[in-house]
Amino acid sequence: MKTPAKSTKLSSKTLRRRAEAQLKTQTEIKQTIPSDYAAKKMIHELQVHQIELEMQNEELKQARIAEKLHYRYTELFEFAPIGYFSFNLKGVINQVNLRGASLLDIERANLVGKQFSNCLTAQDRNKFNRCLAKAFAGDGIQSFEVLAQVGKHKCWLNIEANLGITETDCLAAVIDITDRKRADEELLFQNDEKGKRTDELVIANKELFFQNAEKEKRVGELRVAATVFETQEGMFVTDANLCILRVNKAFTNISGYSGEEVIGQSPKLFNSGRQDKAFYKEMWNSINTTDAWRGEVSNRSKSGDIYAKNLTITAVRDGKGVVSNYVATFRDITTSKAASEKINNLAYFDPLTQLPNRRMLLDSLRHVLTISARSNQHCALLFLDLDNFKTLNDTLGHDVGDLLLQQVATRLTDCVREGDIVARLGGDEFVVLLENLSLQAIEAANKAKKVAKKIIFELAQYYQLNMHRYHSTTSIGVTIFSGNETGIEELLKQADIAMYQSKAAGRNTWHFFNKTMQESIIARADMERDLRKAIEDNQFQLHYQAQVSSSGQTLGAEALIRWQHPERGQVSPFNFIPLAEETGLILPIGQWVLDSACAQLKAWQKNPLTQDLVLAVNISAKQLHQEDFVEQVKATLKRHDINPARLKLELTESMLVENISDIITKMNILSKIGISFSLDDFGTGYSSLQYLKKLPLNQIKIDQSFVRDLITDASDRAIVRTIITMSHSLDISVIAEGVETVEERQYLLDNGCTHYQGYLFSKPVPINEFEVLLKKG
Ligand SMILES: Nc1nc2c(ncn2[C@@H]2O[C@H](COP(=O)(O)O[C@H]3[C@@H](O)[C@H](n4cnc5c(=O)[nH]c(N)nc54)O[C@@H]3COP(=O)(O)O)[C@@H](O)[C@H]2O)c(=O)[nH]1
């Protein structure tokens, strides 16, 4: 601490001068100055001296105040409760108050001139030096805590250091914060302890919570166990000796036995006798080795009824691993079993005949193919289709049809060995699968042939269908196979193809499948595909063949369709019309022909040379049997606005077998509006004079098969003459087709046939050629 500056005593000269200066400013003193010089001077001297005295007094007074202040300040400095230090740049103590020295417990005199950092613990010395340097650098007050080595003790000091006013030293206030530090540490420790205790409390809480949860769980488990025991499933518990200890309500419901009736008894009480010893042996084997068994058993209820149940037996072991109990749970599956059997039946059996259905057949075939692949045994697949079944259904009704199917099923089953499969595919189609016929294909075929013959014979026997005695036949296709090289669908197709051959061969017979037959079927499928495309792409054309009178005049023409196939060239109607009829494609084709013919008639109507020509159009059975056939024809006529008298529809004899009354009605309607009818291929079919009379026919066409050998064949001549005579007697005009020679024409003319069609006059030709011929006359 610096000593305050002492009051410097004024020199007498200075004092005199100041007193003189002050006297000049004191007017009241001047007024009292006497006029006498000496007196004046003395008074002046006295006055100056008085002022000098006053000034000295004042100076003394000020010095005393300063001294007092100094001591006060020193007192404050020395006895302040804070240690004050002054350090130089190197950290050497310049000054220190008493508190500072006592903080470090070192005599003040021993501190001044020493490094302060020497009083600190080694680890805090750098910290002190760093902070001191910052203070000297003018970084403001540096506040930091250091640990000082005070004698044998350590003491925490808080230092606040700042650069002094002179900037030559650094002033620092130092306080002992050891107690606070300890209190902090204590607090920290206590907090730590508190934290630890809180953690322990949390753990304890958790443990308690877990214990409660466990308890809850166990209570819940017991509740669940109790509930489970009383579920829909029957349950009983036995001891290790199979003595029943407990049963649940469902047990009583299912078995009919109350708890009292069975507790203490053995489960043998429920035996139905349907399971043999081996069954139980296997069951106990499983329980003894795996502690469980699951399966289906039939048991006897108290009432004596047998019921099926799904049973699970579980062995319960005690802590030592010894079986203490057995728990049996079971469900009555009598109803669900019956239901699943029913479902299975519906899925795999035909409900009408109870025979396996298509799905079951396919499954069986798959199995047979696998077995055959291993054994090399030949098997046979017979595909059956009842002949004219549709007619029976249509005439006597479906109920009667169903009766026939049922009886057929029984007869078929009787025709084959046990193990062979008879299945119904649907409708009137059945399949017979004959297994393990022979290692030799020939022998297998012979055996299959025998079965096929037997089936043909048995199915051809009379059936009693309610009130009706009915005769039916069947067509069979047979394919022989061995191994699994040919797929299931392929085998069915082969047998089907063979069956169609039997149909084509007149029905009521059997045929073996052969490759040629398959090829023709494939060709037919190709043709059908092409025919559909032909309709879409309009690949058809009409050719016209003249119909002439005995004088050679062209009365009209027959429109004959031609198919210009993009790859095959011209396809004959002989090849595609039958297929079109079978597939129904004849309907769009027939309509196209009718439309084209009418369009041609419309064109002819405008020309005097052609306006009287009659155009004959072939109508197929399918077309004629359409319900709206009449409307279609009328609409076509209207669309083209042509005279109906110029249109002639050619029907064939064979078309007149079915629904004759409907045909007559249709013909009559069309006939009334002027359309004429010609009966084609006459003599080749089943001609009944009976219906001939009823039909509104305008013309009969003698089939070319009778004309072809007319000159050489007497019977053809006789037929032709008969047809001509009959036509005349029915007052129907007659035309002969296929007239190729003058002799044929002459014979026909000589016998009264005056209209002809044939190569002698013209082949069927395109319209432009036909019109050229017309012009030529
Ligand atoms: N439903 C429809 N059937 C049609 C249609 N167009 C033809 N057909 C029928 O196709 C069969 C074959 O007809 P096509 O090959 O045209 O044969 C006809 C004539 O070309 C042939 N013919 C005529 N004259 C002679 C002859 O002197 N010699 C000889 N070898 N053949 C001759 O006869 C067939 C005429 O048949 P038809 O109808 O019976 O008068 C045939 O059955 C056609 O009916 C059609 O558009 N729709």
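Three elements each supply at least two residues of the shell around the ligand: strand 19 (554-565), helix 18 (573-583) and strand 23 (676-682). Strand 19 gives the largest share of that shell, with four residues. Keep in mind that this is a predicted model.

**Around the ligand**
- The ligand is surrounded by 21 residues, and the closest are Glu558, Asp680, Gln704, Glu737 and Glu740.
- Glu740 also places a polar side-chain atom 2.6 Å from a nitrogen atom of the ligand.
- Asn618 has a polar side-chain atom 3.0 Å from an oxygen atom of the ligand.
- At Tyr759 the backbone takes part: one of its polar atoms is 2.9 Å from a ligand oxygen atom.
- On its own the ligand has 800 Å² of accessible area, and the protein covers 87% of this.

**Helix 6**
- Helix 6 (residues 122-136) has 15 residues, so at 1.5 Å a residue it should span 21 Å; its end C-alpha atoms are 22 Å apart, which agrees.
- Which residues of helix 6 are buried? They are Asp124, Phe128, Cys131, Leu132, Ala135 and Phe136.
- Viewed down the helix axis, these buried residues fall within an arc of 140°, so they line one face of helix 6.
- Gln123, Asn126 and Arg130 sit on the other side of helix 6 and are exposed.
- The cover over the buried residues includes strand 1 (83-87), strand 3 (142-150), strand 4 (153-163) and strand 5 (170-176).
- Gly138, which follows helix 6, has a positive phi, near 85°.

Methods:
Residues numbered from 1 in each chain as written. Predicted model: local features only at pLDDT ≥ 70, side-chain atom pairs only at ≥ 80, totals over all residues. Heavy atoms only, no water. Expected span 1.5 Å × (residues − 1). Buried < 20%, exposed > 50% of the residue type's maximum accessible area, 1.4 Å probe, protein only. Arc of directions from axis to C-beta. Contact = heavy atoms within 4.5 Å. Near = heavy atom within 4 Å. Polar contact = N/O pair within 3.5 Å; in protein donor to acceptor, adjacent residues only side chain to side chain. Areas by Shrake-Rupley, 256 points an atom, 1.4 Å probe, with all protein chains shown as cover.
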